Structure formats: C-alpha cells, structure tokens
Amino acid sequence: MYKNFNFWFAGSLLVSLFVAIPLFTVFFSFFNSTSEYYDLLRNTFLKSYIINSFIILIGVLSLTFIFGVLSAYFVSFYNFPGVNFFKWALILSFAVPAYIYAYSLTAFFENYGTLFSLITFIFGEGNYNKFIPKFDGIFGAIISMSFSLFGYIYVLTRASFYHQSHNLIEVSKNLGYNAKESFFKIILPSARPAIIAGLSLVAMECLADFGTVSFFSVSTLTTGIYNSWLSFDDLNTANQLSFVLLLLILTLFYIENYSRGDAKYHQPTQGFRKIPKIDMVGKKAQFVSIFCFLLFFISFIFPTTQMIFWTIKFPKYFDLTNILLLNLNTLTLVIFTSIVLISFSFLINFGNRISKSKILNYLSFFSISGYAIPGVILAVAFITFFSWFSDFFSSFFSTTSIKKIFIGSILGLIMAYFIRFYSLAFNGIRSSYIKINQSIDESSYLLGYTKFRTLRKIHYPYLKNSIYLVSILIAIEIIKELPITLILRPFNFETFATKAYANASQDLLEAAALPSLFIIFWSALLIFYTSKHILSEK
Amino acid sequence: MKILFFLISIIFNFSNVSAAEVNIFSSRHYESDLELYKKFTGKTGIKVNVISGKDNALHKRIVDEGKDCLGDLYFTADAGRLGAFELKGLFQKGANSEFIKKNIPQNFRSDYWVGIAKRARVIYYNPTKTNPPKNLKYEDLSKEIFKGKIVIRQSNNIYNQSLVASIIEHNGLNETQEWIKGLVKNFARQPKGNDRAQILAVAAGEAEYAIANTYYLALMLSGKKGEEQKNAAKKVIPYFPNQKNRGTHMNISGAGILKYAPNKQNAIKLLEFLLTKDSQTHIVNNTFEYPIIKGVEPNKLIAQFGTNFKQDLNTNVSVYSKRQSEALKIMTEAGWQ
C-alpha cells in the first residue's frame, strides 16, 4: 500500500503541478521589469477595468439567471406546446461561442446592417438606421455572453427541478400556495445550490472572456492583464490584476463546489417519483411557448441564420479543400487531446481512489487553475514557462534547444489544452467515480482481482458513459477554443476558430461566416448527441 | 508501425523542413497576402510559412522564444509597432538593401523595417449634408463649430494613437493636450465600433464627420460586404486634411527581419518581392491600401478620390512608436474612452 501511495501520489502531484504552471508563471514570473504604464494604469485605467468587469458580470448574471431559471421552471413543471422540443433545443445555445454571437449581433443591428437590408427589402428604401437599436460596447458584450452562457443555468437548474421531490410540490399545494408563491417560496429556494453552481460557472466564463470584449473593444480585467503584460512588459501590474481576477474566480469556484456539494443532498436516492406536469392552456401556455421560442430563437437560430445567410450570399468565400483541411485539423486536435486527457484523468482518479489520500484530494484543487485562468493569459504563460524550461534544460544538459517541441507544435497545443480542460475531464470522471461504492472494490480484491484488473473489469464499464460524455464536452470546447490555438499553433495550421477570427479581424465577417457555421454545426451535433445525458444524468 | 510513426510525427511536428523557406509572424490577416506568398513560392521555390495572430501575443512569443524563434519576418499594420520592435532590439538590419533604399521613401523605413503599403487616416463627411470648411486640418477639429459632430473609435485603437503621436510630434505635448480636450468635447457619441462603423455613422446621419482609414471605405465600395454597405459608402467621401501644411497623416503596413531569423536571405528576397510592381498591384487591389512604390496606381475605388493629395512625407513614421504612450496618456486623461 505504501509503495502504491508513493506512485500515485507522485503522479497526481506531477499532473497537478503541470496544470498549475500558468498560475505560477503569472505570479512568480522569472524576470522582472516595470514601466511607467503602471502609474497610468493605476490612475486612469484600473478603476474602469474593474468597473467594466463588474458591469458585465452583473449584467450577464442577471440575464442568464432570468433566462435559465425561468425556462428550466417552465420546461420542468408544465406541459405547453413544444415543451419536448424546447427541453433539448435550449441547450443548443452552447454551440454558439460568445465571440461568434458578437459577430452576428453587430452585423445584424449596425447601420446599414442585415436588419436594415431586411426592412428595406420589405418596406422599400427609407432611413431606418435611427430606429434600429444598436448592440455594441458593454451592452453588446453582455447580450452576447448572456445568450451563449445561460445554458449552464438552464441545464443545472433543470436537473435540480427534475430531481426535486414530489413532496415539495405537494407541500406547497397543501399550504395553499398559488403557482407564483410556490415558485418563489418552495421551488426556487430548493434549487438554490444548482442555480448558484450555474451562476458561478457563468461568472467564471464571463470574467475569463477575451474574444467578445476585445471584439467590442471593452477593457476589462482580462484585457488589462493581457495589455499590461504584453504591450508594456509590466509584470507588476499584470500580477496585481491577475491576483484580483484569480481571487474572484477562485471564490466563484469555491462557491460552485460548495453549492454542488449541497445539491447532492437534494437528489433522492429512493422513492423518486417523476413530478406529474401541470397542463397549461390558453394565454398562459401561449406566453410560455413564446418565451421559450424566443429564447431558443435568439440564442441559436438568430446567429446561425445570420451565418447561413452570409455563406449563401457570399459564395466566393467558400473553398472546399480549405474546409476539408480545417475539419481534419480540428479532428486531429480533438482526438489526441481527448485520449491524453481522458487517460490521465482516469488514472489519477483511480490513484486517488485506491490510495485514499486526503492530500491528493487537495492537490486536485490545483486542477482547476487551468480553467480559472483566461485562455489568452494561459497561452502566454505557457510560452513563457516553456521558453524558460527549455533554456534551463538545454544549458543543463548542453543540448540543442527544445523550444520548438513545445511552442508552435501540435504537442504544445495538446499540452496547453490539457492544462485548460483538465478540470473538466478530471471532475467529469470523478463525479461518476464517487458513485461507485468502495465496497465493490473490496469485493473485487476478495475475489482475487488485482488493482489494475479492478480498474479494467469493474471501474471502466461503470465509467464508460461518463468517459464518452466527457470526451464530447472536450471536443466541443476544443472546436470553439480560440486564444490558445491562435498563438501556440504551428506554421500554416488553421482551425475553424482561427479562420473565423482572421476574417473577422480584417472586418470581413461575411467570410468568417462559414468557419463559424462549422463551429456551430459540429458543436450542435455533439450536443444533440449527448442531450439525453446532459438532460437526465446530471 | 507506420501508423505509429505517422502519429508521432504529427505530434512532434517532424515535418520535412525544406531548406528553402521563410517563416512569417503576421498580425495582418489578409487572405490575399497568402495568395501573394504562393506567387513568391512559385517564382523562387522558397516555401512561405505563416502564423497570424494578435500583435501583443506574437510579440511576447518572439521575445520568449528568443534565439530559438523560427520567425524570419514580423509583419504588422502600424508603424508604431514596427518602431517598438526596433527599439526593443527584436529586429536585425536587412530591410535596408539597396533595392529597398532606392524604391521606398525614407520616412517609411528604417534600417530595421520597411513599409509595404500605406494607409491614410482621413476625415469623412456626407457632401449632400455637410460642407467642410476650406483647408481643414486635424487641428481644427477641436473648434467649437464641430461640437457634437465628430465620431472616431476608442483611444485603445493603435491607429488613433499613431495619429495623436504624429500631432504631438508637430505641435508639442501641451498644444496637443488642449487639442484633444477640445476634440473629445466635439464627439457626437461615446467612441465605439471599428473604423467602418464610424463611416457608417456619417452615412446614417448620426454624425457629420468621421475619422477613419481610407481602405475601409473602399472595402465597402467593393461590394465585398454587400449592396447595402456599398450604397451607404457612396453617401460619404473622404477629405484629406492638412493640405496646406504638412499633409495628411500616413501610416504603413510593414515588416522587419527578426533578430534571430534562420532564413535571413530568403526574408530579404520576400521583402523585395513584396515591393515589386506586380506585388504592389496585387496588394492595393485586395486590401485597398496605397502603394508604397512609385509607378503603381491605387485601386480605382480609392483612386477616384484623388491620388495627388499631399501626404505627410516629412514625418518619419518611426516617431509614432516613441510618442504612442504619451498619446494614450493624454487621450485617456481627456476622457477619450
């Protein structure tokens, strides 16, 4: 046992440290320099960065809360026209990354944009620009993020409602509450842990966002770190901003974990009865149907249609060989990264289980740091660290440089994705692992199974479903990933996300439409495929 | 076994490194640049490899990779950035071959980098609604008569920083500071959107004057963004300011040879290729920038507004890099978001 402990401990430690590389790199950078940027920043920018971040955060949290909780409530407790469709259609919003949503939003509502064309087409020439609302700046960022992130709250809240004890509803009926009262006094409070968990995830994504806010040129904490670190080589400022940001994110993560723990107790193990849904009729049913439809329409159909419209309208941007290559590149990244991530997460989980070490559980806490750090900062920290490491390595062993193994290579990309998504994979597998009773392991040892055989014959079959689910989640994340891919990729290597970005940054959103559409298409397909799991098991 | 090797080679990137190649780090994302590189390969047999990305991140990667950086050329769209690279010692000499010296005006190059194409930052207005005063200068835009009439993008935009940097260079810091205070008071709205959004604001009547780069208008006029945008673009025309003194503010897209370039000679060949008549014609017809060599006409969409306007050829564009941080400072202090 002791021997095993050492092996698994070392393995866990190594992976945790690896994943924590960006965190350490940002905090303890290996060189130090300051610039006058700091004073400028302290005097003028810092406050506005923090204010902007907070405005966006509060805006996005409020909207996602309203969208997510209301839709989950309607879908879980009522029968209304289309409920079975909306149940899964609402999670398709996950397929549209916020930055692509931002492209659609801007192009649709800008002066002489798509909406203007539509109105002109229907009503003829006219000066309609004045009457078209403009979604840009902070407001645009809030809208884009809200519609692409409310799915987190919808999925988690719905799961919580779904598992809510039937008695609760009975109680509220017995107390004589009407629908509104029972919603606010009974249903909502009992789903609180799930809602908070969802809100924390939304908040983390929101704070870490770079693509959307930089598209709208809104300066936030994340862009502040990026600029002070990169443009001005000002590490002190970067570190201070990172510290504020990480503190926020770690708090959120703690809240999320804590709430999830709470949420567990709300899942009945026995005597779970599906809640009989209440049939809605008349105006109410219409209203609820329209609400869900609008939510689905605005979050998914709207951006997708905009992209399809452009793709058809500007066929000259279509290039078949290029598209095939982009598919192949994306597939390569997805396959390799999934294999590596799943194997490690599986083994480390197994190690934690058999060594039963508390310390290992704490170590796993590090695994979140990849998720906590904004992708763009992670990528740069990755480069800084491996440059340093490579210099150290080659001078120590007097070898030639090994930098290009890590930077500008597929291997480097996979490693960076590993850091980024390890938390997703590890925790995804862990949540199923803890459901397997320890006594099963003991029975298996009694039967003479070795530990490895227990892993292969007992654990693996149990976990197959969650491994499948986790790989699909990883695939979706990688298909949408932009900042890490952009800076760490090899020469001449493009993915849908980098292609869309390149076109968008030369102000040709029309040409960005096709790659964007592919991102949405693949993600939506994968989501559709797993919707059963996402909707029922969580 | 073969499959295994194939997989390993994908992961470790053991691609066949051909002897004749040149590697570009670029923050320009034009598809047409890639076509031009293909032509170069066809002509010389030198393969061109490209990574494009955001300026700051590429910069950081080049610094951190140090002498192991495989990049030969750094290609970007602002003179200030090129100057900053030179100041930080990230370039080596090489962009100063005889060919380059002979063909490129002195203010658009240094020993370390060279302009590939020019862009002018001009004032747009709607001629049916607005009659701009004669001999309009950038400096005039702070006057009372422009109150609530001007749109321009945010101060974090590098083209604005370079414009203000050039004005600091000419008028001094204090005068420019006053100018900016006046200019900000004249804004028709809080700055937002890109250059094209400013032009559209004038077309839509939200403002009378927009400050933006020239090629955005041509992009709209080209129909690449659809009929509505084309029609909107037809409503506005550019005004080239400062004709009676130093000329209109010019900026460049340009490139320099990175300090540790493994393929320096190929990089010089590529630079010189980009400065030939054929390449310049290709560039101006796709990006709608102005050519940087003589004997090439800008694309007609942009040439129709005049090719004889006075460009600011006295200001060495390398001063932008020295003045940009001052510029940013006074812009934000004046409340330019």
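1. A quick definition to start: the expected span of a helix is 1.5 Å times one less than its number of residues. Helices (H or I, at least four residues) are DSSP runs, numbered from the N terminus. Helix 10 (residues 192–208) of chain A has 17 residues and should span 24 Å, and its end C-alpha atoms are 24 Å apart, which agrees.

2. Some housekeeping: this is a predicted model, where local features need pLDDT of at least 70 and side-chain atom pairs count only at pLDDT 80 or more, while totals for chains, interfaces and linings use all residues. Residues are numbered from 1 along each chain as its sequence is written, and chains are lettered from A and ligands numbered from 1 in the order in which they are written.

3. Back to helix 10 of chain A: 15 of its 17 residues are buried. Buried here takes 20 or more other C-beta atoms within 10 Å of a residue's own, with C-beta atoms placed from the backbone.

4. Next, look at helix 5 (residues 98–109) and helix 14 (residues 282–313) of chain A, whose axes come within 9 Å and cross at roughly 70°. The axes are lines fitted to C-alpha atoms over the stretch in contact, with angles from 0 to 180 degrees between N-to-C directions. Helix 5 and helix 14 of chain A are therefore roughly perpendicular (65 to 115 degrees). On the helix 5 side, the contact includes A:Tyr101 and A:Phe108; on the helix 14 side, A:Phe302 and A:Pro303 are among the residues. In contact means C-beta atoms, placed from the backbone, within 7 Å.

5. How do the chains meet? On chain A, 44 residues are in contact with 45 residues of chain B. Helix 18 (residues 375–396) of chain A gives the largest share of chain A's side, four residues.

6. Is A:Asn129 buried or exposed? A:Asn129 is buried, as 22 other C-beta atoms lie within 10 Å. Leaving out residues up to four places away in sequence, A:Asn129 touches A:Asn111, A:Tyr112, A:Phe116 and, from the other chain, B:Ala204. A:Phe116 is 13 residues from A:Asn129 in sequence and 6.8 Å away in space, C-alpha to C-alpha.

7. Finally, chain B divides into domain 1 (2–118 + 251–298) and domain 2 (119–249 + 318–333), with bounds from an automatic or database domain assignment. Their centres, taken over C-alpha atoms, are 29 Å apart. Contacts link 13 residues of domain 1 of chain B with 16 residues of domain 2 of chain B.

Methods:
Contact = placed C-beta atoms within 7 Å. Helix = DSSP H or I, 4+ residues; strand = E, 2+ residues; numbered from the N terminus. Parallel < 35°, antiparallel > 145°, perpendicular 65-115°, else oblique. Buried ≥ 20, exposed ≤ 12 C-beta atoms within 10 Å, placed from the backbone.
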